[in-house]
Amino acid sequence: MNKININVDMGEGFNIEEKLMPLINFCNISCGAHAGDTSEIQRVVGLAKINAVKIGAHPSYPDRKNFGRISMKITKSELKKSVKNQLLGFVQQLDHPKDLNHIKPHGSLYGVSAREEDVAHGIADAAEIFNVGVFGMVKTCHEKVYRERGTLPGDDQLKVAIKKF
């Protein structure tokens with residue numbers, strides 16, 4: 001029998017997490033740059049743990065006004081710093097940093113990183129700090145960059161969850 005893993009973005013103010021958690025395998029929780037806040041992160045992390053759902057961080061461009069849907073031209077260094085800071089704030093809400101399973105960029109950051117290698121590398125730079133993989137799409141810069149980044153400290157390979165449509 002085939003198994004389907006379901007991955008859902010959460011912590012964005014829609015209050016549907018309690019109903020969805022029993023049905024999913026992975027959740028991507030907003031880090032606060034496009035939606036959510038520390039109390040929302042804590043609430044959703046708690047639900048994920050109760051339901052044995054793997055916890056992912058859902059960083060975005062710093063764009064609450066447009067819900068992270070607008071592309072921002074920032075340098076790779078600025079992007080790495082923004083994503084790193086979002087992840088640091090996110091990890092502080094976890095019982096243990098190892099509770100972070102993955103990263104899945106949100107909105108425009110997800111789309112731009114699929115098309116632009118330097119943006120995908122900026123996300124991979126931040127992911128390497130936390131020794132986690134990045135969820136992305138096949139046949140895009142996600143797949144190319146995240147696979148070519150190679151070995152991470154304490155891990156055999158960069159873990160990549162690739163969506164197939």
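**Close-up 1. Helix α4 and its buried residues.** In α4, the buried residues are Ser 108, Leu 109, Tyr 110, Gly 111, Val 112, Ser 113 and Ala 114. Buried here means under 20% relative accessible area, with exposed being over 50% and partly exposed in between (1.4 Å probe, protein chains only). Helix α4 covers residues 107-115, and because 7 of its 9 residues are buried, the rest of the structure largely encloses it. As for the names, helices (H or I, at least four residues) and strands (E, at least two) are DSSP runs, numbered from the N terminus. A word on the model itself: it is predicted, so local features need pLDDT of at least 70 and side-chain atom pairs count only at pLDDT 80 or more, while totals for chains, interfaces and linings use all residues. Residues are numbered from 1 along each chain as its sequence is written, and side-chain values use heavy atoms, leaving out hydrogens and water.

**Close-up 2. Strand β3 and its partners.** Strand β3 (residues 54-58) is mostly covered, with 4 of its 5 residues buried. Strand β2 (residues 26-30) pairs with β3 in the parallel sense over 5 bridges; two strands count as paired if DSSP finds at least two bridges between them. Look for Ile 29, which stands opposite Ala 57 in β3. To get from β2 to β3 the chain passes through α2, and this β-α-β crossover is right-handed (with the strands pointing away from the viewer, the path from the first strand over the helix to the second runs clockwise). β3 also pairs with β4 in the parallel sense, over 3 bridges. There, Gly 56 has His 102 in β4 as its bridge partner. From β3 the chain goes through α3 to β4, in another β-α-β crossover that is right-handed.

Close-up 3. Arg 43 and Glu 17 meet through their side chains in a salt bridge (2.7 Å, N to O). The pair ties together distant parts of the chain, 26 residues apart: Arg 43 sits in helix α2 (residues 38-50) and Glu 17 in helix α1 (residues 17-20). A salt bridge is a side-chain nitrogen of Lys or Arg within 4 Å of a carboxyl oxygen of Asp or Glu. Glu 17 is buried at 2% relative accessibility, whereas Arg 43 is partly exposed at 31%. Glu 17, Glu 40 and Arg 43 form a network of salt bridges.

**Close-up 4. Asp 99 and Lys 49.** The side chains of Asp 99 and Lys 49 make a salt bridge (2.8 Å, N to O). Asp 99 lies in the loop between α3 (76-91) and β4 (100-103), and Lys 49 in helix α2, 50 residues apart.
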